Amino acid sequence: MLLTLLLLATGLCVAAVALGQRLGPRAGWVLAAGLAALAGGVAWLWESPRAGPGHGERYAWLPSLDVAIRLRLDGLGLLFALVVLGVGALVLAYAASYLPPGRHGVFFGLLTFFAAAMLGLVLADDVVLLWVMWELTTLCSFLLIQQAGPKGRDPAIRTLVVTGGGGLCLLAAVVLTATATGTTQLSAALSSPVWQERPGVAGCVAVLVALAAFTKSAQFPFHGWLPDAMVASTPVSAYLHAAAMVKAGIFVLLRFSTALHAVPVWRGLLVTVGLLTAVLGAVFALQRFDLKELLAYSTVSQLGFLVATIGLGTGYAVVGALVHVLAHALFKSGLFMAVGLIDHEASTRDIRRLSGLRRAMPATALVLALAAASMAGLPPLFGFVSKEAMFGAMTKTGWGALPVAAIAGAAVAGAVCTFAYSARMLRPLFGAAMPEPPHEAPAAMVAPVGVTALAGVVLGVAGPVAAPLIDAAARAVLDAAPAADLNLWHGLNSALLMSVTVIVGGTLLVWGRGRVDRVLIGRAFAPVRAVDVVEAFRSAAVRVGGRVGGATRSDAPTRHLLAPLLAFTVIVAVAMGQGVPLPPGDTDRPLDWVLAALVTLGVILALRASSRVALVTTVGVVGFSTALLFFALGAPDVAITQLLVEILTVVVMVLLLVRLPAGFHPTGRAQTVGAGVTAALVGAAAAYLGLVVLAHPEPAPAGEAFVAQAYALSGGTNAVNTILVDFRAIDTLGEMVVLGVAAVVIVVALTSRGLLPRRPSPITVAADSPARDSAANTIPLRVIDRVVGPLLVVISAWLFLRGHYQPGGGFIGALAAGAALTLIFLAAKDDWVARLHVAYLRIIGAGIVLAVSMAVVGLLDGAILRPLYLEVLGVQVSTGLVFDVGVYLTVLGLVLATLARLGLDGPDPVPLRQPGEITAREESD
């Protein structure tokens, strides 16, 4: 059922794109109804006798790692799901009137996808799934800020840098949690005794989770991205950056509080950073004249209160934080949307330019005043109830008089500033009317804001209505959490005294606002701004990346090969120092020495080659000798592959040689000596490593397992092929994609840049020589082609069909077919005849699509790429065989693309001939 809700939310994203393109802004109403229906579904599932509290579901995902799509609906997930979906529905309804006419498919698609990601986050009961959903919210925020146009580019990148860094911290915490507890199931991991038995692990996870939450919830010193992100449109700010995305960090803190609430570093870090952020954010808000920027810093401050309250680690603190989560979602989303109304109608958010709005926009003024009063903590609004709950938790920590006094004092100071900046938001409502007073916003825009403001009034007066929801969420965090008391009056206590102090102190700040402005406006409390630090980090990272990339940005192979070759040599040298044993006796045979001599001869001739043609020839000797060595060692699959690849490589190199200078560019003596020394070191290291391998002749357990289970699990006896298409098919699929990309790169590069012209042949041909006529010159190849070409095609099919049982398979079969095509190409009398009118990119695409289709078919039996079997005319056919067809097509398409793009110059090249000569082609015409 939970998965159904999540799939419906994801499906709503797809529908949002189509509806936004077709209906424009009006799609917001339809999508709002969809999110409201999902909220109703969550509530129904909570009350359903078939599911109810604690309902969990599990679906296989990565069974070998015990990672599954585990979903669980507990009280905490219920509260946050209702906030995410409920506020999301109101924001989408608001956007239906706020957005200008036009197509908004991408905007609505991203906004609803964010809702789906947040829903997955709060329902996740697997640490890996939790992290994936966390990252999806980060990605959605980045893309939605980008929707603001050019001005949103840099803020979006800075937001991604900060929150992406937090994602890495959460990933580290997830990995550490899974390895320490032995499970990825979140609920099981959090109830593990590891947190008490291994305080070091608990402390590391606490710091990592806290850092991740600090970045997402804009805590000091990571707070700068939230005001920076205010370039996004009002619906985005009201939803992501006030009521939902920033709450993801709060949710994770509450979720992990189950295990970490008693860890000292957790409590100290959260309380200290939270209170510091609450006070700083409030002071920064008092410095702002832009209403939206003021709200951004007020959000930072309110999130600081939440973080500090969670850090107290008591049941009262959990209840207080949960109450404020709900209150903050209501009044802050309402305030953002109310400011959007003012901006929409008055075309400004500057407090200094706004006045008299209570008469010009009475409905907007009312909802703005109610939401601001709730944020200030005035009775009888819900914000007062939530602030009282947090204040009460701060006085019931049991930490001693001095720490409690310090915490309470910092909280009161931040709340006094909160009262003052809440009043600052109301300045535009008073004063003389503006020269051109704005009109009241449409009722359809005001209505969603009114719902949030009215909810704050209703829950303030009838708070016990929400008590069951808060109690269920609190018990999901801590079993010993007390019952929530959401009444307005709790008698004369410390929390009431703190509230009275806040109201009195805030009133004094409002009364002396002139002096406050003179002290705060324009004053910098730090030498640098947080956003400047992020920008400096980003710029430095780009510069470092540029330098690192510049070190390897070269066409010279030596610069790329030198580092891995030397690293390999160092690793082998370390192994030699450790005394790795060598073979005790003789391990060679006479044939080995013959093949080694051939390889050595090829290397020596290659080093002495003075022309490129000679180099290709001598390197070919090395390649063919290596193929023979593979045959001698009993690896026919590898040997055939090496042989065919060598043939095709030589052909491709020859096609390139006719476009390159005949000789080599001069090299200095130092470069030659350096290359020789490096080659000698790497050769010695490779030889030593080979001897070490021979010293351990026993088969590897993995190899024995493949051989033993090949027939039982894949129906084949050729272990090499079954590994490629069954056991490790995901690797093969990745390699196919690489081949396809290589073909596309060849086509695009040669189409856009063109080929170098063919250099004139240095060979002088007599006028009466048959070599002057291409038709006569290619007779030997055409005769061979008539016999060998069809034979290679048959061999290709034979190699492919036998691959599951004997050496062969799709890769080798395609190479044989490629060799046949190469022979046909070379035997053609000119380029016009040789031109291959084949859609090679489509062949490659068909191969990849076919392989992916077979991978998906495996899901019918429970796992991707799992082979399925079907008997056709008495012959057992596996999806692995069809997968191998995809391999065949991909490799064949790459060969065709190479021949078609490298071997041809123009649309119809004219063969070389003497004036007045008639070629064989013209004669036949």
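At 59% relative accessibility, Ser347 counts as exposed, where exposed means over 50% relative accessible area, buried under 20% and partly exposed in between (1.4 Å probe, protein chains only). Ser347 sits in the loop between α15 and α16 (357-360), and has a positive phi of about 60° although it is not a glycine. Helices here are DSSP runs of H or I with at least four residues, strands are runs of E with at least two, and both are numbered from the N terminus.

A word on the model itself: it is predicted, so local features need pLDDT of at least 70 and side-chain atom pairs count only at pLDDT 80 or more, while totals for chains, interfaces and linings use all residues. Residues are numbered from 1 along each chain as its sequence is written, and side-chain values use heavy atoms, with hydrogens and water left out.

Now for the overall picture. The chain has 39 helices and 4 strands, and its C-alpha atoms fill a box of roughly 115 × 70 × 65 Å, taken along the principal axes. Of the 925 residues in the chain, 48% are buried. Contact means heavy atoms within 4.5 Å. Taking contacts between residues at least 6 apart in sequence, 79% join residues at least 24 apart.

In soluble globular proteins, nonpolar side chains tend to be buried together. A nonpolar core is a set of buried Ala, Val, Leu, Ile, Met, Phe, Trp, Tyr and Cys residues joined through side-chain atoms within 4.5 Å. The largest one in this model has 178 residues, and those with the most contacts inside it are Tyr239, Phe256, Leu260 and Leu322. Helix α15 (residues 315-346) supplies the largest share of this core, with 19 residues. Apart from this core lies another, of 37 residues, among them Leu750, Phe825, Tyr888 and Leu896. As for Tyr239, leaving aside residues up to four places away in sequence, the residues it touches include Val84, Val87, Gly88 and Val91, along with Leu111 and Phe114.

Helix α12 (residues 245-260) takes part in two helix pairings. Axes are lines fitted to C-alpha atoms, for helices over the stretch in contact, and angles run from 0 to 180 degrees between N-to-C directions. Angles under 35 degrees count as roughly parallel, over 145 as roughly antiparallel, 65 to 115 as roughly perpendicular and the rest as oblique. The axes of α12 and α14 (residues 291-311) come within 10 Å and cross at roughly 5°, which makes α12 roughly parallel to α14. On the α12 side the contact is made by Val246, Lys247, Ile250, Leu253, Leu254 and Ser257, and on the α14 side by Leu303, Leu306, Val307 and Ile310. These residues divide into 8 nonpolar, 1 polar and 1 charged; Ala, Val, Leu, Ile, Met, Phe, Trp, Tyr, Cys and Pro count as nonpolar, Asp, Glu, Lys and Arg as charged, and the others, Gly among them, as polar.

The other pairing is with α3. The axes of α3 and α12 come within 11 Å and cross at roughly 170°, so α3 is roughly antiparallel to α12. Here Leu76, Gly77 and Phe80 of α3 meet Lys247, Ile250, Phe251, Leu254 and Arg255 of α12, and the residues of this contact divide into 5 nonpolar, 1 polar and 2 charged.

Helix α21 (residues 467-477) has Ala467, Ile470, Asp471, Ala472, Ala473, Ala474 and Val477 as its buried residues. What covers them includes α2 (27-47), α3, α12 and α15.

Several loops deserve a look too. His104 lies in the loop between α3 (75-98) and α4 (105-123) and, at 14% relative accessibility, counts as buried. A polar atom of its side chain lies 2.6 Å from the backbone oxygen of Pro100. Not counting residues up to four places away in sequence, His104 touches Gly20, Gln21, Gly24, Pro25 and Leu99.

The loop between α9 (199-216) and α10 (225-228) holds Pro221, which is joined to Phe220 by a cis peptide bond with omega about 5°. Ala218 is in the loop between α9 and α10; it has a positive phi of about 55° although it is not a glycine, and it is buried, with a relative accessible area of 0%. The peptide bond from Pro379 to Pro380 is cis as well, with omega near 5°, and Pro380 lies in the loop between α17 (362-376) and α18 (382-394).

Conventions: Polar contact = N/O pair within 3.5 Å; in protein donor to acceptor, adjacent residues only side chain to side chain.
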